Amino acid sequence: KKSLIENVIFENLSNPNFEDWSVPGAVTFYYSPVEILNCIFKDNQSEDGLNIVKSSFSIKNTKFLTTSSDALDIDFSDGLIENVLIYKPGNDGLDISGSNVSVTNMNVEDSLDKAISIGEASELNALDIFVKDSFIALASKDSSKVNINNFIIESTDIGFTLFQKKKEYSLPSQ
């Protein structure tokens, strides 16, 4: 069944480890549909603050604050993101791989690497995106497709980068 996570603060977490088993996310949904509403992911010390894998999802009115690496990592999943703030991710703000994602009204600030990273034949449809003080605003890789309307970029080192990273994919198309 679908999980509903509403009005929850996930703070000072790390990724679970047990003997030789671990997952990269402080919070992970794997083959598990989820709806996340009005939540805060804050000061988490893991590879991903939130990792969604092979699941349908909806994330609305949620904040990701000061994550040690990627704030939000979506792998082989389909869903939507609305009214999200990502502030000070240690690596990527939003990292999408092999997924179809729709985003409306998202702010990414102070990303140390890519504010938005799209790869492995992903498709991103987005509206009203604001990126500030990040190294790269948007990186599209490996057969991915991006459609963004009203994309505002302020104080980034690199606005856009497009490339083929893995030989089994072609160049991305925009």
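**Salt bridges and burial**

Reply: The side chains of Asp92 and Lys114 meet in a salt bridge, at 3.3 Å from N to O. This is a predicted model, in which local features need pLDDT of at least 70 and side-chain atom pairs count only at pLDDT 80 or more, while totals for chains, interfaces and linings use all residues. Residues are numbered from 1 along each chain as its sequence is written, and side-chain values use heavy atoms, with hydrogens and water left out.

Me: Why is the contact of Asp92 and Lys114 called a salt bridge?

Reply: A salt bridge is a side-chain nitrogen of Lys or Arg within 4 Å of a carboxyl oxygen of Asp or Glu. The pair of Asp92 and Lys114 has an N to O value of 3.3 Å, so the term applies. Asp92 lies in the loop between β11 (78-89) and β12 (94-97) and Lys114 in strand β14 (residues 114-119), so the pair ties together parts that are 22 residues apart in sequence. Strands (E, at least two residues) are DSSP runs, numbered from the N terminus.

Me: Are Asp92 and Lys114 buried or exposed?

Reply: Both Asp92 and Lys114 are buried. Buried means under 20% relative accessible area, exposed over 50%, and partly exposed in between (1.4 Å probe, protein chains only).

Me: Why is Lys2 called exposed, and why is Glu35 called partly exposed?

Reply: Lys2 has 54% relative accessibility and therefore counts as exposed. Glu35 has 21%, so the term partly exposed applies.

Me: How do you know that Glu154 and Lys132 form a salt bridge?

Reply: The closest N and O atoms of Glu154 and Lys132 are 3.8 Å apart, so this pair also lies within 4 Å. Glu154 belongs to strand β17 (residues 145-154) and Lys132 to strand β15 (residues 123-132), 22 residues apart. Glu154, at 34% relative accessibility, counts as partly exposed, and Lys132 is partly exposed at 25%.

Me: What makes strand β8 mostly covered?

Reply: In strand β8 (residues 48-53), 6 of its 6 residues are buried.

Key. Helices (H or I, at least four residues) and strands (E, at least two) are DSSP runs, numbered from the N terminus.
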